[in-house]
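Here are my notes on the model you asked about. Have a look at it first, then read along.

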Amino acid sequence: GAFRIRSRHSGMYLGATHDGHVIHDNEPSDFHLFVFVPGLEKKTGYVKLYHLASDRSIFVTDEGWPACYHGNFQEHFWQVVEHDDK
């Protein structure tokens, strides 16, 4: 099902724009809905973080900043973990 992502630090909700920017807002709306899209074959067990309103997926740049893209970038999959021991 669809879900929203809320910052633990700021309490703001994550979203994405049609021109490729990642944004955050104080009030949740349908604009802030995401779904996990499961990977196939070599990517089984991983997911894409897909933003419904903008038709874009979220990834992290080499510099560590969140960004979004439209299309099928195979390297931008996430692994969902209960907690990270790092």
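The points below go from the overall fold to single residues.

1. Some ground rules. This is a predicted model, where local features need pLDDT of at least 70 and side-chain atom pairs count only at pLDDT 80 or more, while totals for chains, interfaces and linings use all residues. Residues are numbered from 1 along each chain as its sequence is written, and side-chain values use heavy atoms, with hydrogens and water left out.

2. The overall fold. You'll find seven strands here and zero helices, giving the pattern β-β-β-β-β-β-β along the sequence. Both kinds of element are DSSP runs numbered from the N terminus: helices are H or I with at least four residues, strands are E with at least two.

3. Of the 86 residues in the protein, 30% are buried. Buried means under 20% relative accessible area, exposed means over 50%, and partly exposed is in between (1.4 Å probe, protein chains only). The accessible surface of the protein is about 6,400 Å², with 52% of that belonging to carbon and sulfur atoms; the areas come from the Shrake-Rupley method with a 1.4 Å probe, and for residues only the protein chains shown count as cover.

4. Contacts along the chain. A contact means heavy atoms within 4.5 Å. Among the contacts in the protein with a separation of 6 or more, 40% are between residues 24 or more positions apart.

5. The core. Which residues form the largest nonpolar core? There are six: Leu14, Ala16, Phe34, Leu49, Ile58 and Cys68. Such a core is a set of buried Ala, Val, Leu, Ile, Met, Phe, Trp, Tyr and Cys residues joined through side-chain atoms within 4.5 Å. In soluble globular proteins, nonpolar side chains tend to be buried together. Leaving out residues up to four places away in sequence, Leu49 touches a list that includes Phe34, Ile58, Phe3, Phe36 and Trp78.

6. Aromatic pairs. The protein has two aromatic pairs. Rings of Phe, Tyr and Trp (its six-membered ring) pair if their centres lie within 6.5 Å; planes under 30 degrees apart are stacked, over 60 edge-to-face, and the rest tilted. The rings of Phe3 and Phe36 have centres 4.7 Å apart and planes at 45°, so this pair is tilted. Phe3 sits in strand E1 (residues 3-4) and Phe36 in strand E4 (residues 33-38), so the pair ties together parts 33 residues apart in sequence. Phe3 is partly exposed at 22% relative accessible area, and Phe36 is partly exposed at 41%.

7. The largest pocket has a volume of about 270 Å³. It has 14 lining residues, and the closest to its centre are Ile5, Leu14, Leu49, Ile58 and Trp78. On a 1 Å grid over the protein atoms alone, a pocket is an open set of points where a 1.4 Å probe fits, with protein on both sides within 12 Å along at least five of seven lines; lining residues have an atom within 4 Å of a point. Points are joined across faces, edges and corners, and the volume is the space filled by probe spheres set on them.

8. Trp65. This residue lies in the loop between strand E6 (56-60) and strand E7 (66-69). Is Trp65 buried or exposed? At 62% relative accessibility, Trp65 counts as exposed.

9. Most residues other than glycine have a negative phi. Glu41, however, has a phi near 50°, and Glu41 is exposed at 75% relative accessible area. Asp55 has a positive phi of about 60° and is partly exposed at 36%.
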